[in-house]
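Subject: Structure handover

Hello,

Please find the structure below. My notes on it follow.

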Amino acid sequence: MLSDRELHKLAIEEELIAPYNPEYCEEATINLTLDPLVKQYSSDEPIVLGKEVNDDEHYDKIDLTSDEFSIPPKGSVLIQTHEFIKVPNNMTARIYERFGVQSLGLMISPGHYMNPGYRGKISLVAFNTNSVPFRLVPGIKICQMGLFELNTDPLKPYEKQDARYMDSTDVSISKLHLDQEIQEFLKEKGIAKVSDEMAGDLGKHLMSHIKLAAKDLAELAMEKLDKGKI
Ligand SMILES: O=c1ccn([C@H]2C[C@H](O)[C@@H](COP(=O)(O)OP(=O)(O)OP(=O)(O)O)O2)c(=O)[nH]1
(Lines give C-alpha, C1' and ligand atoms only; values in the text may rest on other atoms or scores of the structure.)
Protein backbone atom coordinates (compact mmCIF):
# COMPACT_ATOMS: atom_id res chain seq x y z
CA MET A 1 0.00 0.00 0.00
CA LEU A 2 1.30 3.46 -0.85
CA SER A 3 2.22 5.93 1.87
CA ASP A 4 1.15 9.58 1.96
CA ARG A 5 4.59 10.45 0.58
CA GLU A 6 3.94 8.45 -2.61
CA LEU A 7 0.28 9.48 -2.86
CA HIS A 8 1.27 13.12 -2.66
CA LYS A 9 3.90 12.62 -5.38
CA LEU A 10 1.37 10.88 -7.67
CA ALA A 11 -1.19 13.63 -7.07
CA ILE A 12 1.28 16.36 -7.99
CA GLU A 13 3.15 14.65 -10.84
CA GLU A 14 0.61 12.23 -12.38
CA GLU A 15 -2.77 13.92 -11.77
CA LEU A 16 -3.92 11.04 -9.55
CA ILE A 17 -6.77 13.14 -8.22
CA ALA A 18 -8.49 16.42 -9.11
CA PRO A 19 -9.16 18.63 -7.27
CA TYR A 20 -6.34 17.75 -4.89
CA ASN A 21 -6.11 19.18 -1.40
CA PRO A 22 -2.80 18.08 0.22
CA GLU A 23 -4.41 18.49 3.63
CA TYR A 24 -6.80 15.62 2.76
CA CYS A 25 -3.87 13.24 2.26
CA GLU A 26 -3.01 11.47 5.48
CA GLU A 27 -0.76 8.50 6.39
CA ALA A 28 -1.79 6.08 3.63
CA THR A 29 -5.08 7.37 2.24
CA ILE A 30 -6.60 10.46 0.64
CA ASN A 31 -9.97 11.61 1.91
CA LEU A 32 -12.61 12.00 -0.82
CA THR A 33 -15.60 14.33 -0.60
CA LEU A 34 -19.31 13.94 -1.32
CA ASP A 35 -20.36 15.31 -4.72
CA PRO A 36 -23.66 17.26 -4.81
CA LEU A 37 -25.16 14.85 -7.38
CA VAL A 38 -27.11 11.91 -5.95
CA LYS A 39 -29.36 9.33 -7.64
CA GLN A 40 -32.24 7.52 -5.97
CA TYR A 41 -34.06 4.50 -7.41
CA SER A 42 -37.58 5.86 -7.77
CA SER A 43 -39.33 3.29 -9.96
CA ASP A 44 -41.87 0.75 -8.68
CA GLU A 45 -40.40 -1.88 -10.98
CA PRO A 46 -38.78 -4.73 -9.08
CA ILE A 47 -35.09 -5.17 -9.79
CA VAL A 48 -34.11 -8.18 -11.89
CA LEU A 49 -30.42 -9.07 -12.13
CA GLY A 50 -29.42 -8.62 -15.76
CA LYS A 51 -32.34 -6.34 -16.65
CA GLU A 52 -31.34 -2.90 -17.92
CA VAL A 53 -32.01 0.13 -15.74
CA ASN A 54 -31.76 3.69 -17.04
CA ASP A 55 -31.66 7.21 -15.65
CA ASP A 56 -34.93 8.44 -17.14
CA GLU A 57 -37.21 5.57 -16.16
CA HIS A 58 -35.75 4.38 -12.89
CA TYR A 59 -33.84 7.14 -11.10
CA ASP A 60 -34.45 10.58 -9.61
CA LYS A 61 -31.54 13.00 -9.77
CA ILE A 62 -30.98 15.13 -6.69
CA ASP A 63 -28.69 18.15 -6.47
CA LEU A 64 -27.62 18.58 -2.86
CA THR A 65 -26.64 22.21 -3.43
CA SER A 66 -30.27 23.16 -4.13
CA ASP A 67 -32.36 20.28 -2.72
CA GLU A 68 -32.57 19.38 0.95
CA PHE A 69 -32.22 15.63 0.86
CA SER A 70 -32.18 12.89 3.47
CA ILE A 71 -31.86 9.15 2.87
CA PRO A 72 -34.95 7.54 4.36
CA PRO A 73 -34.46 5.03 7.21
CA LYS A 74 -33.03 1.76 5.83
CA GLY A 75 -32.97 3.35 2.38
CA SER A 76 -30.07 3.66 -0.03
CA VAL A 77 -28.93 6.06 -2.76
CA LEU A 78 -26.13 6.25 -5.27
CA ILE A 79 -23.56 8.93 -4.53
CA GLN A 80 -20.22 9.84 -6.05
CA THR A 81 -16.96 11.40 -5.01
CA HIS A 82 -16.44 14.98 -6.09
CA GLU A 83 -12.87 14.06 -7.02
CA PHE A 84 -11.95 12.64 -10.43
CA ILE A 85 -9.44 9.82 -10.02
CA LYS A 86 -6.86 8.45 -12.45
CA VAL A 87 -5.67 5.08 -11.19
CA PRO A 88 -2.25 4.33 -12.72
CA ASN A 89 -2.17 1.21 -14.95
CA ASN A 90 0.13 -0.61 -12.50
CA MET A 91 -2.01 0.07 -9.43
CA THR A 92 -5.43 -0.61 -7.99
CA ALA A 93 -7.36 1.64 -5.63
CA ARG A 94 -9.70 0.73 -2.76
CA ILE A 95 -12.26 2.85 -1.03
CA TYR A 96 -12.53 2.70 2.73
CA GLU A 97 -15.21 4.03 4.98
CA ARG A 98 -14.51 6.77 7.54
CA PHE A 99 -15.35 5.82 11.09
CA GLY A 100 -16.87 9.24 11.75
CA VAL A 101 -19.39 8.68 8.94
CA GLN A 102 -19.97 4.97 9.49
CA SER A 103 -20.57 5.33 13.22
CA LEU A 104 -23.47 7.69 12.51
CA GLY A 105 -25.15 4.89 10.60
CA LEU A 106 -24.17 5.65 7.00
CA MET A 107 -22.68 2.66 5.28
CA ILE A 108 -20.68 3.48 2.17
CA SER A 109 -20.64 0.28 0.12
CA PRO A 110 -17.49 -1.37 1.43
CA GLY A 111 -14.93 -3.44 -0.45
CA HIS A 112 -14.47 -1.35 -3.53
CA TYR A 113 -12.05 -2.19 -6.19
CA MET A 114 -10.92 0.30 -8.81
CA ASN A 115 -9.52 -1.39 -11.91
CA PRO A 116 -5.92 -0.59 -12.84
CA GLY A 117 -6.15 2.35 -15.28
CA TYR A 118 -9.69 3.43 -14.23
CA ARG A 119 -10.40 7.13 -14.74
CA GLY A 120 -13.44 8.88 -13.36
CA LYS A 121 -15.37 9.91 -10.33
CA ILE A 122 -16.13 7.02 -8.00
CA SER A 123 -19.77 6.03 -7.62
CA LEU A 124 -20.79 4.42 -4.34
CA VAL A 125 -23.90 3.06 -2.65
CA ALA A 126 -24.79 4.91 0.56
CA PHE A 127 -27.08 2.93 2.88
CA ASN A 128 -28.78 4.49 5.88
CA THR A 129 -28.69 1.77 8.54
CA ASN A 130 -30.46 4.09 10.99
CA SER A 131 -34.15 4.26 11.90
CA VAL A 132 -34.18 8.04 11.34
CA PRO A 133 -33.60 10.02 8.10
CA PHE A 134 -29.96 10.76 7.25
CA ARG A 135 -29.30 14.22 5.79
CA LEU A 136 -26.58 14.41 3.17
CA VAL A 137 -24.29 17.46 3.04
CA PRO A 138 -22.10 17.93 -0.06
CA GLY A 139 -18.39 18.55 0.37
CA ILE A 140 -18.15 16.40 3.52
CA LYS A 141 -15.18 14.05 3.51
CA ILE A 142 -17.24 10.92 2.98
CA CYS A 143 -14.68 8.13 2.46
CA GLN A 144 -10.99 7.54 1.86
CA MET A 145 -8.93 5.95 -0.90
CA GLY A 146 -5.84 3.77 -0.64
CA LEU A 147 -3.61 2.70 -3.54
CA PHE A 148 -1.85 -0.61 -4.06
CA GLU A 149 0.93 -1.34 -6.52
CA LEU A 150 0.61 -4.55 -8.58
CA ASN A 151 3.50 -7.02 -8.54
CA THR A 152 3.62 -6.97 -12.35
CA ASP A 153 1.93 -4.83 -15.01
CA PRO A 154 -1.53 -6.16 -15.96
CA LEU A 155 -2.05 -7.79 -19.38
CA LYS A 156 -5.28 -5.81 -19.77
CA PRO A 157 -5.58 -2.50 -17.90
CA TYR A 158 -9.13 -1.06 -17.77
CA GLU A 159 -8.92 0.82 -21.08
CA LYS A 160 -8.20 -2.46 -22.91
CA GLN A 161 -11.44 -3.97 -21.56
CA ASP A 162 -14.95 -2.80 -22.38
CA ALA A 163 -14.34 -0.03 -19.79
CA ARG A 164 -18.04 0.76 -19.50
CA TYR A 165 -17.57 3.08 -16.51
CA MET A 166 -14.49 4.88 -17.86
CA ASP A 167 -14.36 8.71 -17.56
CA SER A 168 -17.54 8.82 -15.49
CA THR A 169 -18.47 12.24 -14.12
CA ASP A 170 -22.15 11.42 -13.63
CA VAL A 171 -23.21 9.05 -10.83
CA SER A 172 -22.89 5.62 -12.46
CA ILE A 173 -25.91 3.35 -12.52
CA SER A 174 -25.57 -0.37 -13.20
CA LYS A 175 -24.48 -1.42 -16.68
CA LEU A 176 -24.56 -5.09 -15.77
CA HIS A 177 -26.85 -5.84 -18.73
CA LEU A 178 -23.87 -5.15 -21.03
CA ASP A 179 -22.15 -8.34 -19.86
CA GLN A 180 -21.26 -10.34 -22.96
CA GLU A 181 -23.25 -13.46 -21.92
CA ILE A 182 -26.38 -11.37 -21.33
CA GLN A 183 -25.98 -9.60 -24.67
CA GLU A 184 -25.58 -13.00 -26.37
CA PHE A 185 -28.82 -14.16 -24.76
CA LEU A 186 -30.69 -11.06 -25.98
CA LYS A 187 -29.37 -11.57 -29.50
CA GLU A 188 -30.31 -15.22 -29.49
CA LYS A 189 -33.85 -14.39 -28.34
CA GLY A 190 -34.13 -11.36 -30.63
CA ILE A 191 -35.14 -9.06 -27.78
CA ALA A 192 -33.78 -5.73 -26.58
CA LYS A 193 -34.13 -6.15 -22.82
CA VAL A 194 -34.43 -8.87 -20.20
CA SER A 195 -37.98 -8.73 -18.86
CA ASP A 196 -39.25 -10.17 -15.58
CA GLU A 197 -40.76 -13.10 -17.55
CA MET A 198 -37.44 -13.76 -19.30
CA ALA A 199 -35.35 -13.84 -16.09
CA GLY A 200 -35.79 -17.61 -15.68
CA ASP A 201 -34.69 -18.26 -19.28
CA LEU A 202 -31.68 -15.98 -18.79
CA GLY A 203 -30.69 -18.01 -15.72
CA LYS A 204 -30.89 -21.28 -17.68
CA HIS A 205 -28.86 -19.76 -20.54
CA LEU A 206 -26.14 -18.54 -18.15
CA MET A 207 -25.92 -21.85 -16.28
CA SER A 208 -25.51 -23.80 -19.53
CA HIS A 209 -22.92 -21.22 -20.67
CA ILE A 210 -20.91 -21.94 -17.49
CA LYS A 211 -21.10 -25.72 -18.09
CA LEU A 212 -20.03 -25.38 -21.73
CA ALA A 213 -17.11 -23.10 -20.88
CA ALA A 214 -15.93 -25.59 -18.21
CA LYS A 215 -16.20 -28.47 -20.73
CA ASP A 216 -14.22 -26.50 -23.35
CA LEU A 217 -11.49 -25.72 -20.83
CA ALA A 218 -11.34 -29.34 -19.67
CA GLU A 219 -10.97 -30.48 -23.32
CA LEU A 220 -8.22 -27.93 -23.89
CA ALA A 221 -6.37 -29.14 -20.80
CA MET A 222 -6.68 -32.77 -21.99
CA GLU A 223 -5.32 -31.80 -25.40
CA LYS A 224 -2.32 -30.07 -23.79
CA LEU A 225 -1.78 -33.07 -21.55
CA ASP A 226 -1.77 -35.39 -24.58
CA LYS A 227 0.79 -33.18 -26.31
CA GLY A 228 2.91 -33.17 -23.13
CA LYS A 229 2.50 -29.43 -22.64
CA ILE A 230 1.25 -29.76 -19.04
O1 LIG B 1 -17.96 1.21 -6.20
C2 LIG B 1 -17.42 1.36 -7.29
C3 LIG B 1 -16.77 0.33 -7.94
C4 LIG B 1 -16.19 0.59 -9.17
N5 LIG B 1 -16.27 1.82 -9.72
C6 LIG B 1 -15.64 2.09 -11.02
C7 LIG B 1 -14.16 1.83 -10.94
C8 LIG B 1 -13.95 0.49 -11.54
O9 LIG B 1 -12.69 0.38 -12.16
C10 LIG B 1 -15.08 0.42 -12.55
C11 LIG B 1 -15.55 -0.99 -12.81
O12 LIG B 1 -15.78 -1.62 -11.57
P13 LIG B 1 -16.07 -3.17 -11.46
O14 LIG B 1 -15.01 -3.96 -12.19
O15 LIG B 1 -16.34 -3.50 -10.04
O16 LIG B 1 -17.49 -3.21 -12.25
P17 LIG B 1 -18.08 -4.24 -13.26
O18 LIG B 1 -19.53 -4.22 -13.07
O19 LIG B 1 -17.37 -5.55 -13.16
O20 LIG B 1 -17.75 -3.52 -14.64
P21 LIG B 1 -16.59 -3.85 -15.71
O22 LIG B 1 -17.09 -5.06 -16.45
O23 LIG B 1 -16.49 -2.62 -16.56
O24 LIG B 1 -15.31 -4.13 -14.94
O25 LIG B 1 -16.15 1.19 -11.98
C26 LIG B 1 -16.94 2.84 -9.08
O27 LIG B 1 -17.02 3.96 -9.56
N28 LIG B 1 -17.49 2.58 -7.87
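Helix 5 (199-226) is part of what covers the buried residues of helix 4, where cover is counted by contact, meaning heavy atoms within 4.5 Å. Helices here are DSSP runs of H or I with at least four residues, numbered from the N terminus.

This is a predicted model: local features need pLDDT of at least 70, side-chain atom pairs count only at pLDDT 80 or more, and totals for chains, interfaces and linings use all residues. Residues are numbered from 1 along each chain as its sequence is written, and side-chain values use heavy atoms, with hydrogens and water left out.

Helix 4 spans residues 180-189, and its buried residues are Ile182, Phe185 and Leu186. Buried means under 20% relative accessible area, exposed over 50%, and partly exposed in between (1.4 Å probe, protein chains only). Viewed down the axis of helix 4, these buried residues fall within an arc of 100°, so they line one face; the arc is taken from the directions from the helix axis to the C-beta atoms. On the face turned away from the buried side are the exposed residues Gln180, Lys187 and Glu188. After helix 4 comes Gly190, with a positive phi near 65°.

Now the ligand. Polar side-chain atoms of Asn115 and Tyr158 each lie 2.6 Å from an oxygen atom of the ligand. A polar backbone atom of Ser123 is 2.6 Å from a ligand nitrogen atom. On its own the ligand exposes 570 Å², of which the protein buries 74% (accessible areas by the Shrake-Rupley method, 1.4 Å probe; for residues, only the protein chains shown count as cover).

Regards

Note on methods. Helix = DSSP H or I, 4+ residues; strand = E, 2+ residues; numbered from the N terminus. Polar contact = N/O pair within 3.5 Å; in protein donor to acceptor, adjacent residues only side chain to side chain.
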